[in-house]
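Me: I'd like to go through this one with you. Can we take it piece by piece?

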Amino acid sequence: MSDFNKMDRKQMERERLARVTAAATIAPMAPAARATVAPAAVPPAPVQRPPKRNRDVVVISDTDDDADDHRDASPPPSLSPARKQRKVVVELPEEKSEPVAPDAKKKYLGGKSLLIGPGDGALKFSDLVDKHHIQAAILSSFVWQEEWLFPHFPPGIRMCFISNPKSPVQLLPEMVGHVSNVCPVMPQQQFGCMHVKLAILVYRTFVRVVISSANLILQDWEMLVNVAHVHDFPKADPTSTTHDTRFWDEQLLPVLSALSVQPNVTRFLPRFDASSWKGQLVFSRPGSWLPPASSSSTPGSAYGLASLAAAARSLGWADIANTPSTTGGPLPLLDVKYATSSLGALDKGYLVSWIAALRGKLAASSKTATDSSADQFCIVFPTEKEVLDSELGIMGASSLWLQKEKWSRPNFPRCAFHRLTSSAPGYMSHAKTMTAMLSQTLDSPTVEEGDPIGIYYLGSHNFSLAAWGTVTKQAGKVNMYNYELGIVFPITDRAQVGHDFPVPYRPQAIQRYQADDRPWLREEHDM
């Protein structure tokens with residue numbers, strides 16, 4: 001395609017977005033004014049009413065919710081100008097006129113990881129929410145777009161919102177009384193945020209859990225590449241006493257408790273059978289935390305890098321990663337690919353901590369680290385040219401964060417950077433994924449069939465110290481600033497990457513930055 005045609009297609013797309021945006025622009029409103037939004041902001045239910053829901057199945061109550069609201073009228077520092085404008089194209093879920101089934105369809109039994117964003121095959125938020133049958137919801141997001149989000153749900157259902165204290169969801173007046181808004185407690189520190197992206201969608205016969213990298217805004221679900229794991233858990237047989245509740249008891253419920261969600265809101269979850277769950281949650285929590293003994297394999301009892309190390313042990317990957325190919329030989333090299341939309345004050349020494357965590361251990365950052373750790377990493381982040389040549393141009397880069405000052409530091413791991421080569425050509429990524437596998441070298445150990453050859457991560461963690469934490473040398477504690485949530489799964493076949501385990505780049509096309517490549521640095525483009 002010629003450059004002329006390419007630019008013409010981009011301009012046509014921008015003009016189309018401008019036209020529809022102008023027709024549905026929501027004017028910026030201060031938080032205080034948002035409470036007076038007219039009820040018409042949520043469209044009325046369809047004429048054909050669904051059958052009466054069985055309210056005995058689950059009741060989410062907020063009567064015991066005494067968490068501090070911590071409201072702050074100022075937007076979070078990392079909100080892009082594009083998001084501050086709050087100009088959106090409101091696309092309501094399509095209303096169906098067919099007869100309503102007894103319950104929503106269980107589409108994700110056993111769990112499925114999917115890419116979100118542009119393209120016919122990508123997951124849409126409307127794929128997750130059946131407006132005729134949903135009974136309750138627990139939703140968590142760093143930022144919100146209420147004008148886009150609320151119309152997906154019928155009026156009157158029980159909901160619990162988990163918000164970043166600096167950008168809480170703004171409720172409509174008619175929601176008062178059956179909706180709770182929780183803001184997790186943040187330590188008195190200059191940095192940090194509640195960055196978890198989580199949805200728990202409750203239906204009559206199953207509960208759907210969604211862990212993703214996407215905020216609950218139109219841009220993240222329609223215009224950028226993101227990633228999610230969706231799992232439907234069927235309601236357990238009430239006469240059975242053997243259904244598996246370990247996922248709830250050991251993994252998700254501790255996370256929800258740490259996010260200040262009250263037990264009376266979540267006590268229904270163990271009624272659903274979690275025997276099909278195969279992954280391990282990894283969770284970050286602001287503060288300084290002493291991890292459990294290194295022999296522990298329960299990620300729910302550790303945070304940040306300690307949680308990742310515990311997941312590596314629990315899934316059996318740590319044993320493989322610590323097995324030399326010959327007795328007394330060196331440990332096998334790893335091949336780590338991390339796709340991220342934001343990068344902090346990384347250095348090569350921090351990669352030493354990361355390699356250790358992937359082997360199931362904890363190690364402090366090394367000030368004398370060489371390129372050996374960086375050589376095991378591919379940091380996937382778009383170049384300036386990739387952004388400018390994309391379909392939306394700089395409009396699609398509002399979620400990309402890397403400061404020029406950090407990029408220019410002597411020990412910043414520039415040698416590890418790789419181009420995005422987007423899985424949705426022409427569109428930028430907000431996804432956070434990581435694959436860590438044995439490097440394909442002669443000194444790699446032999447792995448038995450069925451054993452993991454690596455691990456895969458998806459979730460909200462960017463590749464930053466704030467998200468994953470740093471390990472202190474003396475106390476062995478892990479210090480971090482953010483609430484984050486993700487999942488780790490074992491990889492047993494390299495072919496799973498890009499299929500069972502989606503990534504926002506094309507695995508076979510990924511390539512290192514060339515000499516004339518520069519990363520996207522937002523401050524150079526007046527953003």
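Me: Is G498 buried, partly exposed or exposed, and what is its relative accessible area?
Reply: This is a predicted model, to start with. G498 is partly exposed, because its relative accessible area is 35%, which falls between the 20% and 50% cut-offs.

Me: Where does G498 lie?
Reply: In the segment after β17 (484-491).

Me: And how many Å separate the C-alpha atoms of G498 and L115?
Reply: The separation is 9.8 Å. Along the chain, G498 and L115 are 383 residues apart.

Me: Switching to surface patches. Which residues make the nonpolar one?
Reply: L388, I394 and M395. Their patch covers about 250 Å².

Me: Where is I394 found?
Reply: I394 sits in the loop between α12 (384-388) and α13 (404-407). It counts as partly exposed, at 37% relative accessibility. Patch residues need over 30%, so I394 passes that cut-off.

Me: Which residues form the positive patch?
Reply: K106, R204, K235, R267 and R271.

Me: Where is the place of K106?
Reply: In the loop between α3 (81-85) and β1 (112-116). K106 has a relative accessible area of 33%, so it is partly exposed.

Me: Now cysteines. What does the disulfide count come to?
Reply: The count is 0 disulfides. The rule asks for a pair of cysteine sulfur atoms within 2.5 Å.

Me: C183: buried or exposed?
Reply: Buried, because its relative accessible area is 0%.

Me: What does C193 count as?
Reply: C193 counts as buried too, at 12% relative accessibility. The cut-off for buried is under 20%.

Conventions
Residues numbered from 1 in each chain as written. Predicted model: local features only at pLDDT ≥ 70, side-chain atom pairs only at ≥ 80, totals over all residues. Heavy atoms only, no water. Patch = residues over 30% accessible without salt bridge, like charges linked within 9 Å, V, L, I, M, F, W, Y side chains within 5 Å. Areas by Shrake-Rupley, 256 points an atom, 1.4 Å probe, with all protein chains shown as cover. Salt bridge = Lys/Arg side-chain N within 4 Å of Asp/Glu carboxyl O. Helix = DSSP H or I, 4+ residues; strand = E, 2+ residues; numbered from the N terminus. Buried < 20%, exposed > 50% of the residue type's maximum accessible area, 1.4 Å probe, protein only. Lys, Arg positive; Asp, Glu negative; His and termini not counted. Charge placed at Lys NZ, Arg CZ, Asp CG, Glu CD.
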